[in-house]
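Open the model in your viewer and keep the selection panel at hand. The tour below goes stop by stop.

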Amino acid sequence: SNPLQLFTAKGDTLILKEGNYQLSEKILISDTNIVVIEPGVKLDLINEAAIVCESQVYFSGTKKLPIVITSSDKTANGIVVLQADGTSEVHYTQFKNLNTFSYEGWSLSGAVNFYESDVTIEHSSFENNSCEDALNIIKSDFYVNKCKFQDIFADAFDSDYCTGKLTNTKFNLVGNDAIDFSTSQIKIDSCTIKAISDKGISGGE
């Protein structure tokens, strides 16, 4: 089966309409598309499933209809946005029980990864992940606002070679560093950091 059949195509845009879905394999979305995930989507990634997206993504959750990305068997290889043009947006989205991205010998340390892909993330949460970083942003410009990192296995937010702003965000029960920024220029404002096993803010190794 073609896993892209989960999406509805409208021109160059792939839309995941409101509903419950299960994905059991890795899918690659090329840079010729834009991806929109509608409010109320619940997506369960099983059997080491992963989404690799070379295009802008819009997680368009709302307060009443959040998006939930989870892994009921805790094997999910997570989500990667790779060298996308433009700025991706993530709103009212919960990322739960995800694991590290790994595919054909290529791995990234995060459950959710933005690599050379600018992103805005607001009103979203990262919970109960089983990997090195809950959120990993590399060589990108980001704005993370009003988010929550809860019950994190190792680092919560890892940023390398980035510029960005991190505001009004809560970190709680983190197994390693809450915020790990190496070779980055970041503004941090109005964040709460509690129950951290290593460093609250690390300037890199």
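Predicted model: local features only at pLDDT ≥ 70, side-chain atom pairs only at ≥ 80, totals over all residues.

**A tour of the sheet and a loop**

Residues are numbered from 1 along each chain as its sequence is written, and side-chain values use heavy atoms, with hydrogens and water left out.

Then pick Lys165, which stands opposite Lys187 in S25.

Now show whole strands (DSSP runs of E, at least two residues, numbered from the N terminus). Strand S22 covers residues 163-167 and pairs with S25 in the parallel sense over five bridges. Strand S19, residues 141-145, also pairs with S22 in the parallel sense, over five bridges. Pairing requires at least two DSSP bridges between two strands.

Zoom out to the open sheet. Its nine strands run S1-S2-S5-S8-S11-S16-S19-S22-S25, with mixed pairing. Strands S1 (8-10) and S25 (185-189) stand at the edges with a single partner strand each, so one side of each has no neighbour in the sheet. From one strand to the next, the twist averages 15 degrees (axes are lines fitted to C-alpha atoms; angles run from 0 to 180 degrees between N-to-C directions).

Last stop: Ala154, in the loop between strand S20 (148-152) and strand S21 (155-160). Is Ala154 buried or exposed? Ala154 is buried, at 12% relative accessible area; buried means under 20%, with a 1.4 Å probe and protein chains only. Beyond neighbours within four places in sequence, the contacts of Ala154 include Cys131, Glu132 and Val174 (heavy atoms within 4.5 Å).

Conventions: Helix = DSSP H or I, 4+ residues; strand = E, 2+ residues; numbered from the N terminus. Buried < 20%, exposed > 50% of the residue type's maximum accessible area, 1.4 Å probe, protein only.
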